[in-house]
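Reader: Please take a close look at one part of this model, the surroundings of the ligand. Then set that part in the context of the whole protein.

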Amino acid sequence: MTTTSLRSALQSLPENAPEAVVDQHFSTQLLEALGFQSQEIHPQYPTGDGKAVDKAARKTIGDDIFIYTKSDPFLLLELKGRDCNLSSDAAQYQKTVHQLKHYLLAPNCKTVQWGIITNSCHIQLFRKHGKVIYPATQCLSLDNENIDEIVASIRRKIENPTKALTIAVYNNKGGVGKTTTTVNLAAILTFLGKRVLAIDFDPNQQDLTSSLGLPLSEGAVFEALRERSIEFISTLCPYKFPLKKVDSELRFDVIPADEELKDASDDLLRKRLKRNLLHRKLESARQEYDYILIDSPPNWRFFSQLAVYAADVILIPTKHNNLFSLENAAMAIKKFFPEIQKEKADGSPIPLPIFFNGEKITQPQLAVAQKEIANILKIAKKEGFDLLPYFYPRYTNARKDLHIPQVPSYANISGAAFSRTPAVYRYRTAHEYYKSLAKEYFLQ
Ligand SMILES: Nc1ncnc2c1ncn2[C@@H]1O[C@H](COP(=O)(O)OP(=O)(O)O)[C@@H](O)[C@H]1O
Ligand SMILES: [Mg+2]
């Protein structure tokens, strides 16, 4: 019944309805169609940093009614008028997404899991997981015919949020630290109390599996990928690190590399397996873990494509002194990821800003890297891509901040693989490095 009234609300809106009119005649109907009652919707919700978002919503929990307690918002809605163009190639769209992201990360919005932008002509849903915000739908154009269906599908998503953030660690260059990053992030997130699954999806190198001293799979992972009836996580192998306290340990789960997939030809794999396969196979794991990390090979072939398809976001290690690693990052962002985004059609996966891994950086070296990046950005701009947010996410016209996060070089990080233990469990310095990486990208 409510969705019918949403459709008539849309029909009755004047063609040039300004924000106030969209607010009055559309926004409440939309939130009701998403399952919220009037006491569960707070207009002009103060985000805690001096601004207010148009609407916040949260279901009643016991006798905690959102409009009265104003506590623990669940969803934010940023409204625009029809005079604001929200089609995804418009500048106003970028600005509005930016504004929503800002609200989602504001002090009073820590508990928020979803954000919506709409002007009643377009609508897009975003998911927030920790600090990470990524699209959960494409920017969709609304009309009388499709609005009920679109809003119903958004409602299904917000009522069944996946627990896990799935991260593919990727750069089509070898030796930049993909495997090291995957292992140590898995280990530090576990240490910080998160449930973590790490997947060794580089069957040719098998480095993740061997750096943890775990046995390789002898065909079981391949079989679980092929056979619909076999649960993918039935092939996992726990990595356990005993703690000094008796009977306690740290544990994260690992899907090991499969010997049988080593040297398998892309053609053969492609004939038998689809690109969405890993994504499908992780369906139940996404409800069980907080983080799923996927290590991928240094090329844009079968396993990388499946890993990127399965991911919500992609973490890209680079080296400041390796031009190829920077150019490859740009290439992946311009060409490879959009290919998958198009196929997946839910707005994901999105690349996270790059970081520098594992090299000492002097000021003159940094200046050289910045020159290379300026060049990469310039070339991309000519081709119609704005790569600035992926290299310098803090850069604004007002503050030309060229910050790039880094994991410094530290011999014990590479040495740890010999002892079959993640460096973060052995060395305080490594522990601190990866803790700040986890905080920089993921933890709120
Ligand atoms: N922060 C770091 N400090 C020192 N050595 C590192 C660091 N990160 C990675 N390494 C080392 O660099 C090499 C390449 O890293 P690896 O993770 O295997 O790269 P990839 O998976 O991208 O091929 C390994 O020997 C690894 O131990
Ligand atoms: Mg590797």
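**The shell around ligand 1**

Of the 17 residues around ligand 1, the nearest are Lys178, Thr179, Thr180, Gly358 and Ser414. A residue counts as near if its C-beta atom, placed from the backbone, lies within 6 Å of the molecule. Two elements, α6 (178-191) and α15 (411-415), each give two or more residues to this shell. The largest share, 3 residues, comes from α6. By type, the shell divides into 6 nonpolar, 9 polar and 2 charged residues. Here Ala, Val, Leu, Ile, Met, Phe, Trp, Tyr, Cys and Pro count as nonpolar, Asp, Glu, Lys and Arg as charged, and the others, Gly among them, as polar.

This is a predicted model: local features need pLDDT of at least 70, side-chain atom pairs count only at pLDDT 80 or more, and totals for chains, interfaces and linings use all residues. Residues are numbered from 1 along each chain as its sequence is written, while chains are lettered from A and ligands numbered from 1 in the order in which they are written.

Now the whole protein. It has 16 helices and 17 strands. These are DSSP runs, numbered from the N terminus: helices are H or I, at least four residues, and strands are E, at least two. The C-alpha atoms fill a box of roughly 65 × 55 × 50 Å along the principal axes. Buried residues, with 20 or more other C-beta atoms within 10 Å of their own, make up 43% of the 444 residues. Ala198 touches residues including Thr182, Val183 and Ala186; such contacts put C-beta atoms, placed from the backbone, within 7 Å.

Notes
A residue is buried if 20 or more other C-beta atoms lie within 10 Å of its own, exposed if 12 or fewer, and partly exposed in between; C-beta atoms are placed from the backbone. Two residues are in contact if their C-beta atoms, placed from the backbone, lie within 7 Å. Lists of a residue's contacts leave out its neighbours within four places in sequence.
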